[in-house]
Amino acid sequence: MSVRIFNEEPVHVIPGFNLVLRAGIEHGPSEEVSMITWERERETGITPGKVTLATCPGRVPKCAGTRPNVHVSVEQKETTLQINGYSRADSGVYAVTVTDKTGASRTAYCIVREYEAVNHVSLSINVSHSLLVCGEAWGTDPHFSWLHERSAISKTVGQVSKDGMTLYVTMAPICGHFTCTVSNKLGYSSATYSAAPCEKEGRGTAVVVAVCLVILLLIGGVLAFLLWRRHQYNNRGERLQDHLDDTI
């Protein structure tokens, strides 16, 4: 005979939601389950403080727990524990023990913890390696995302690691505002690193345009001067020709 809990541990439960643990039971044709017991004890601490949540006969499909919000169901090869309105006090190591009619028993364990909100997001820089590292204190299942100047990280700025915690910066020099946001089911928090301001791309373009305009103005001025000189020369020649004609 054997028993195992199907839930992948550790199981994280949001306070106020229901905790549901499912366990599978395997036994031979001559074996018969006579008793199923669900218990909980503290995960850490000097005094374990084991608490019996429910004790159910093997052939009874449902039985009540030791508290009104504890319910247990029993099937041929499966048993389910449900605790309605989970609270922090319900965290700990859960155990399900299956006993046969000879008194032999098998036990399976599962760690259950409270689902924690994101806390204390921090952002640090390693200048020598051109990378930014985002950290978070104890939130459950944190997800990391990055922004540079309020825009998603592009290839020209850098590359984010697979776990999302590190940004490898490829732009040089490092400039602008980098923001790391950490989120989970209960919300999000963020931190920002501010480097020197980035030069705007339009500024360089404006300088080039201004220089081109100055050059064009200079060329235009030279051409206008040459045309004026040519016009003056032609007028002088005509005056000389008229004076010679009058003399003759």
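Which residue in E12 stands opposite Ile-125? In this predicted model, Leu-132 in E12 takes that position. The close-up views described below begin with the sheet that holds this pair.

**View 1. Open sheet of strands E11, E12, E16 and E15.** Four antiparallel strands make up an open sheet, arranged in the order E11-E12-E16-E15. Strands E11 (122-126) and E15 (158-160) stand at the edges with a single partner strand each, so one side of each is left without a neighbour in the sheet. From one strand to the next, the twist averages 20 degrees.

**View 2. Pairing of strands E11 and E12.** Strand E11 runs antiparallel to strand E12 (residues 131-135), and five bridges join the two. Ser-124 stands opposite Val-133 in E12, and Ile-125 stands opposite Leu-132 in E12. The hairpin of E11 and E12 has four residues between the strands, and in this hairpin Ser-130 adopts a positive phi near 55 degrees.

**View 3. Strand E12 and its contact with strand E16.** Strand E12 is joined to strand E16 (residues 166-169) by three bridges, and these strands run antiparallel. Tyr-168 in E16 is the bridge partner of Leu-131. Of the five residues of E12, four are buried, so the strand is largely enclosed by the rest of the structure.

**View 4. Disulfide of Cys-134 and Cys-180.** The structure holds three disulfides, one of which is formed by Cys-134 and Cys-180, with sulfur atoms 2.0 Å apart. This link is left-handed, with -90 degrees about the S-S bond. The pair connects distant parts of the chain, 46 residues apart: Cys-134 belongs to strand E12, and Cys-180 belongs to strand E17 (residues 177-184). Cys-134 is buried, with a relative accessible area of 0%; Cys-180 also counts as buried, at 0% relative accessibility.

**View 5. Disulfide of Cys-175 and Cys-198.** The sulfur atoms of Cys-175 and Cys-198 lie 1.9 Å apart and form a disulfide. With 100 degrees about the S-S bond, this link is right-handed. Cys-175 is found in the loop between E16 and E17, whereas Cys-198 is found in the loop between strand E18 (187-194) and H1; the pair thus links distant parts of the chain, 23 residues apart. Cys-175 counts as buried at 11% relative accessibility, while Cys-198 counts as partly exposed at 27%.

**View 6. Disulfide of Cys-56 and Cys-63.** Cys-56 and Cys-63 form a disulfide in which the sulfur atoms are 1.6 Å apart. Cys-56 is buried at 0% relative accessibility, and Cys-63 is buried with a relative accessible area of 14%. With bonded cysteines counted along the chain, the disulfides of the protein chain follow the pattern 1-2, 3-5, 4-6.

**View 7. Salt bridge of Glu-78 and Arg-22.** Side chains of opposite charge can pair when their charged atoms come close. The structure holds six salt bridges, including that of Glu-78 with Arg-22, whose closest N and O atoms are 3.0 Å apart. Glu-78 in strand E8 (residues 78-83) and Arg-22 in strand E3 (residues 19-26) are 56 residues apart, and the pair links these distant parts of the chain. Glu-78 counts as buried at 18% relative accessibility, whereas Arg-22 is partly exposed, with a relative accessible area of 35%.

View 8. Asp-90 forms a salt bridge with Arg-40, with the closest N and O atoms 3.9 Å apart. Because Asp-90 lies in the loop between E8 and strand E9 (92-100) and Arg-40 in strand E4 (residues 33-41), the pair ties together parts that are 50 residues apart in sequence. Asp-90 is buried, with a relative accessible area of 2%, and Arg-40 is buried at 11% relative accessibility. A network of salt bridges links Arg-40, Arg-67 and Asp-90. Arg-88 forms a salt bridge with Glu-114, the closest N and O atoms being separated by 2.6 Å. Arg-88 lies in the loop between E8 and E9 and Glu-114 in strand E10 (residues 105-114), so this pair ties together parts 26 residues apart in sequence. Arg-88 counts as exposed at 57% relative accessibility, whereas Glu-114 counts as buried at 14%.

**View 9. Nonpolar surface patch.** Val-211, Leu-213, Ile-215, Leu-216, Ile-219, Val-222, Leu-223 and Leu-226 form a nonpolar patch on the surface, and together they have about 740 Å² of accessible area. Leu-213 is located in helix H1 (residues 201-247) and is partly exposed, with a relative accessible area of 49%.

How values were computed:
Residues numbered from 1 in each chain as written. Predicted model: local features only at pLDDT ≥ 70, side-chain atom pairs only at ≥ 80, totals over all residues. Heavy atoms only, no water. Pairing = 2+ DSSP bridges. Axes fitted to C-alpha atoms, helices over the stretch in contact; angles between N-to-C directions. Buried < 20%, exposed > 50% of the residue type's maximum accessible area, 1.4 Å probe, protein only. Patch = residues over 30% accessible without salt bridge, like charges linked within 9 Å, V, L, I, M, F, W, Y side chains within 5 Å. Areas by Shrake-Rupley, 256 points an atom, 1.4 Å probe, with all protein chains shown as cover. Salt bridge = Lys/Arg side-chain N within 4 Å of Asp/Glu carboxyl O. Disulfide = S-S within 2.5 Å.
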